[in-house]
Amino acid sequence: KPKKMAIIATKGTLDWAYPPLILASTGAALGWDVGIFFTFYGLNIIHKVKGKHLSVAPLGNPAAPIPVPNIIGAIPGMTAMATTVMKSMFKKHGVASIDELMSAAIESGVKLIPCAMTMEVFGYKDSDFLDEAEPSCGAAHFLSWASDADVSLFI
């Protein structure tokens, strides 16, 4: 029986989209059975429209490796600039883009599971998400699937 990894993705910004996708695609490449439960803002990662426009905000993100005072993040346009800088840094270091990581995850069979409760609260439909995403399910369904996971991660 292959190892199993259950990931819960709760954040929907560019910097928070990388960890679940990197870990999921790596686990799947190792032959593991992997599923990501996307809830709250994590749904943005698999949203057909919002997923193409993930950004990173410098305001309130003091750990960002951009050497400017945090208050500079309040200036209009700084989110776009920080997003561009982050994408450039990742590309310069050979890190796959979110689109590339998502493709790798999909091709390797990672289950993309949107949270039904959050979808209802936010007014989303199954058709709002990538075609490869599973039909929305509740927390009980995901927990049943994840109950025998070897690795469980909350991101």
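Q: Which residues form a nonpolar patch on the surface?
A: F40, Y41, M117, V121 and F122 do, with about 530 Å² of accessible area together. Patches consist of residues with over 30% relative accessible area and no salt bridge, nonpolar side chains (Val, Leu, Ile, Met, Phe, Trp, Tyr) being joined within 5 Å and like charges within 9 Å. Areas come from the Shrake-Rupley method with a 1.4 Å probe, and for residues only the protein chains shown count as cover. A salt bridge is a side-chain nitrogen of Lys or Arg within 4 Å of a carboxyl oxygen of Asp or Glu.

Q: What sort of model is this?
A: This is a predicted model, in which local features need pLDDT of at least 70 and side-chain atom pairs count only at pLDDT 80 or more, while totals for chains, interfaces and linings use all residues. Residues are numbered from 1 along each chain as its sequence is written, and side-chain values use heavy atoms, leaving out hydrogens and water.

Q: How many aromatic pairs does a search of the whole structure find?
A: Six. Rings of Phe, Tyr and Trp (its six-membered ring) pair if their centres lie within 6.5 Å; planes under 30 degrees apart count as stacked, over 60 as edge-to-face and the rest as tilted. One of the pairs, Y18 and F90, is tilted, at 4.5 Å centre to centre and 55° between the planes.

Q: Is Y18 buried or exposed?
A: Y18 is buried, with a relative accessible area of 7%; buried means under 20%, exposed over 50%, and partly exposed in between (1.4 Å probe, protein chains only). F90 is partly exposed, at 22%.

Q: Which aromatic cluster includes Y41?
A: Y41, F122, Y124 and F129 form one cluster.
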